[in-house]
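The sequence and structure come first.

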Amino acid sequence: MIVFLGVLGLLVWLAEKYSMDHVLDGLDFATALDKTVVEPGEDFSWTMTINNRKRLMVPYLQMREQIPAGLVFSENGENVAAKSSGDHLSVLYLKGRQKTELERRVLLKKRGRYFFRGVSAEAGDFLGLQTAMETYPELKEIVVKPAPSGWEELPRLLGGYAGEYVVKRSLFEDPVLIRGFREYTGREPLRSISWVQSARQSRFLVKEQENMTDLSCTILLDVECRDEEREAELLEQCFSMVRSICEELEKRRIAYDFQTNGVIAGAMGNWNRIGEGLGPGHLETVLEGLGRMTYDCRMGSGEFLSGIRKGLRSGKSLIYVAPDRNQDAAPYLSSLEERSGRRLLALYGEDV
């Protein structure tokens with residue numbers, strides 16, 4: 001009997017030791033998000049996949065997922081993070097060769113970049129007396145766009161400024177400058193053929209034209225802020241205003257480009273300009289950039305606006321957005337108006 005108990009005890013000890021040495025072997029953890037850019041309050045799928053590749057079961061597995069602050073369940077609005085730790089805790093039992101997926105519908109309410117940073121796993125031994133821990137780092141990013149501006153005065157200001165385009169179009173219907181003539185290739189519309197020149201040369205010639213009006217707009221976002229106490233609030237207002245401006249220009253089919261002295265961080269690169277364009281893809285690029293904006297300033301207002309003036313075309317329309325009024329920027333804004341020959345629309349976060 002004593003020998004039997006001794007053998008049994010030895011087997012239990014060996015099983016215990018083996019389970020402790022290998023309980024976390026063959027475990028894989030993977031985080032997946034079904035979206036990379038979302039609206040504030042838009043729900044998305046957050047899935048944790050746990051794969052036990054070994055034959056040995058895992059009788060107790062506690063996962064501590066490192067999640068972004070502000071993450072809430074879309075069904076009930078409750079915080080995902082545990083109050084005590086700030087992480088999300090789950091407890092599982094895994095059979096050998098079992099693969100499990102935990103899908104959650106969640107949302108984020110505020111603009112910005114958010115990260116899911118992997119999981120810390122704690123697994124129990126064969127007897128449930130001890131646990132082993134290991135960290136599985138990962139990095140998944142999601143970007144929340146700024147919300148549209150709630151400033152009631154903004155639609156009126158934009159409507160009045162954008163209305164100048166309507167007048168411009170009605171007064172100058174497709175004004176062009178004839179630069180010369182070239183041979184007709186068969187791909188040009190018949191209206192582009194110069195019948196007078198074709199008769200003189202005894203061959204078909206088409207007109208080479210250059211548009212004389214610039215029906216496009218540059219949006220300038222200046223993030224230099226004088227009010228340090230309200231900097232975050234004022235800059236968030238600016239980001240929302242730029243979004244509403246872009247959407248208004250899209251609605252009116254006015255092409256636009258975007259330039260800033262702020263820092264746009266992350267996968268898009270540390271750039272400061274989005275070229276001229278129009279359409280859903282162009283708008284989404286600008287909105288993702290606004291979602292990635294930090295509160296850092298690349299250069300002062302004067303240097304930023306001075307650089308804009310160097311490449312500014314005559315007739316170009318400008319919309320300037322800044323957190324507050326900066327007297328040092330005033331002469332540069334006047335210089336931009338003089339260079340473009342058009343009135344500049346200035347909008348400030350402090351007016352909201």
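The secondary structure of the protein chain comprises seven helices and 18 strands, taken as DSSP runs numbered from the N terminus (helices H or I, at least four residues; strands E, at least two). This is a predicted model, in which local features need pLDDT of at least 70 and side-chain atom pairs count only at pLDDT 80 or more, while totals for chains, interfaces and linings use all residues. Residues are numbered from 1 along each chain as its sequence is written, and side-chain values use heavy atoms, with hydrogens and water left out.

**Chain totals**

- Of the 352 residues in the protein chain, 44% are buried, meaning under 20% relative accessible area with a 1.4 Å probe, protein chains only.
- The chain exposes about 18,900 Å², and carbon and sulfur atoms supply 51% of that area, computed by the Shrake-Rupley method with a 1.4 Å probe.
- Among contacts (heavy atoms within 4.5 Å) with a separation of 6 or more, 76% are between residues 24 or more positions apart.

**The five-stranded sheet**

- An open sheet of five strands has the order β15-β13-β12-β17-β18, with mixed pairing; two strands pair if DSSP finds at least two bridges between them.
- β15 (273–277) and β18 (344–348) are the edge strands, each with a single partner, so one side of each has no neighbour in the sheet.
- From one strand to the next the twist averages 15°, where axes are lines fitted to C-alpha atoms (for helices over the stretch in contact) and angles run from 0 to 180 degrees between N-to-C directions.
- Six bridges join β12 (residues 216–221) and β13 (residues 255–260) in the parallel sense, and Ser216 stands opposite Ala255 in β13.

**Helices on the sheet**

- Helix α5 (residues 280–291) lies across β12, β13 and β15, and runs at about 160° to β15.
- Helix α7 (residues 330–340) packs on the sheet and touches β12, β17 (317–322) and β18, its direction making about 150° with that of β18.

**Nonpolar cores**

- The largest nonpolar core has 31 residues, with Leu221, Phe258, Leu290 and Ile319 making the most contacts inside it; such a core is a set of buried Ala, Val, Leu, Ile, Met, Phe, Trp, Tyr and Cys residues joined through side-chain atoms within 4.5 Å.
- At least two residues of this core come from each of α2 (154–171), β12, α4 (231–251), β13, α5, β17 and β18, and α4 gives the most, with eight residues.
- Leaving out residues up to four places away in sequence, Ile319 touches residues including Leu158, Tyr161, Ile219, Ile245, Leu345 and Leu347.
- Another core, of 17 residues, lies apart from the largest one and includes Leu24, Val58, Ala121 and Tyr136.

Note on methods. Buried < 20%, exposed > 50% of the residue type's maximum accessible area, 1.4 Å probe, protein only.
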